[in-house]
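Please read the following briefing alongside the sequence and the three-dimensional view. It is arranged by topic.

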Amino acid sequence: MTLPKPPVITAFERSPDRGRGLARDMRVRWALEEAGQAYEVRLVSFAAMKEPAHRALHPFGQIPTYEEGGLALFESGAIILHIAERHQGLLPSDANARARAIAWMFAALNTVEPPIIEYSMARLFEQDKPWYADRLPVLESHVHARLGELSSRLGDANWLDGAFSAGDLLMVTVLRRLGSSGLLEKYPDLSAYVARGEARPAYQRAFAAQLAVFNGKPLAG
Ligand code: GTB
């Protein structure tokens, strides 16, 4: 009997985040670790991502991608939903709780991530622009609005809706993008929430694996 081949994901050959686990392969690695699913990683250069072979997998020439048997997926949210639907531990079995967890996945990607990305991109690429000083506080206020709302909802709960789910996994990875900005620290409950996610053994394994790539010593899958 031949064993099924593990799924293959793509990640940056050399991540610009210098191993901080901010690129979107990190969330897929974490989901696979939570699911207990072995996986392989194919590292791609920025040039290779724009080649036809990679664009056949990812129309926008990005990472991460996910290949499993005859299936090829792109978009980290879709990949994580696929993993979560096929394994225990990332989505509740109760139908209503499952639908709510999926709503949190969308909330992380569609409602919380966009203002965070806009803010981080401005800090990275617009500091020398004449509009930067006026624009940054506006972007910061958009982030604060979402963090305040998220903090109100989380309250003193450990996770967003009952047990840890793929919604929390995505939300934690999205909040981590605030990195050294200092914005998250204004919300001790959200900082603690991120720390709880980062303390999970599956997160730790995923983080170590992506860091090993940056250090030039990829771990065996
Ligand atoms: N919506 C897609 C998804 O969720 O999968 C977005 C995918 C995406 O943005 N991929 C990025 C990419 O491939 C890597 S994660 N970029 C290359 C390109 O577009 O040419 C984004 C990212 C990059 C760098 C850092 N960093 O240095 O901190 C963090 C996040």
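**Helix 1 and helix 4**

The axes of helix 1 (residues 25–35) and helix 4 (residues 76–86) come within 10 Å and cross at roughly 5°. Helix 1 is therefore roughly parallel to helix 4, a term for angles under 35 degrees. Axes are lines fitted to C-alpha atoms, for helices over the stretch in contact, and angles run from 0 to 180 degrees between N-to-C directions.

This is a predicted model, in which local features need pLDDT of at least 70 and side-chain atom pairs count only at pLDDT 80 or more, while totals for chains, interfaces and linings use all residues. Residues are numbered from 1 along each chain as its sequence is written, and side-chain values use heavy atoms, with hydrogens and water left out. Helices (H or I, at least four residues) and strands (E, at least two) are DSSP runs, numbered from the N terminus.

- In this pairing, Arg-27, Val-28, Ala-31, Leu-32 and Ala-35 of helix 1 meet Ser-76, Ile-79, Ile-80 and Ile-83 of helix 4; contact means heavy atoms within 4.5 Å.
- The residues of the contact comprise seven nonpolar, one polar and one charged, where Ala, Val, Leu, Ile, Met, Phe, Trp, Tyr, Cys and Pro count as nonpolar, Asp, Glu, Lys and Arg as charged, and the others, Gly among them, as polar.

- Four strands form an open sheet in the order 2-1-3-4, with mixed pairing; two strands pair if DSSP finds at least two bridges between them.
- Strand 2 and strand 4 (71–74) stand at the edges with a single partner strand each, so one side of each has no neighbour in the sheet.
- On average, neighbouring strands of this sheet are turned by 25° against each other, direction ignored.
- Strand 1 (residues 8–12) is largely enclosed by the rest of the structure, because four of its five residues are buried, meaning under 20% relative accessible area with a 1.4 Å probe and protein chains only.
- Strand 1 and strand 2 (residues 40–44) run parallel and are joined by five bridges; Ala-11 stands opposite Leu-43 of strand 2.
- Strand 1 pairs with strand 3 (residues 65–68) in the antiparallel sense over two bridges. Val-8 stands opposite Glu-67 of strand 3, and the bridge partner of Ile-9 in strand 3 is Tyr-66.

**Helices on the sheet**

- Strand 1, helix 1 and strand 2 make a right-handed β-α-β unit; a crossover is right-handed if, with the strands pointing away from the viewer, the path from the first strand over the helix to the second runs clockwise.
- Helix 1 lies across strand 1, strand 2 and strand 3, and runs at about 145° to strand 1.
- Helix 4 packs on the sheet, where it touches strand 3 and strand 4, and its direction makes about 130° with that of strand 4.
- His-82 lies in helix 4 and counts as buried because its relative accessibility is 9%.
- Leaving aside residues up to four places away in sequence, His-82 touches Tyr-66, Glu-68, Leu-71 and Leu-73.

**Helix 7**

- Helix 7 (residues 166–176) is mostly covered, with 11 of its 11 residues buried.
- The buried residues of helix 7 pack against helix 1, helix 4, helix 5 (95–125), helix 6 (132–154), helix 8 (188–198) and helix 9 (201–214).
- The axes of helix 5 and helix 7 come within 7 Å and cross at roughly 10°, and the two helices are therefore roughly parallel to each other.
- The residues of the contact of helix 5 with helix 7 divide into 13 nonpolar, one polar and one charged.

Key. Angles under 35 degrees count as roughly parallel, over 145 as roughly antiparallel, 65 to 115 as roughly perpendicular and the rest as oblique. Buried means under 20% relative accessible area, exposed over 50%, partly exposed in between (1.4 Å probe, protein chains only).
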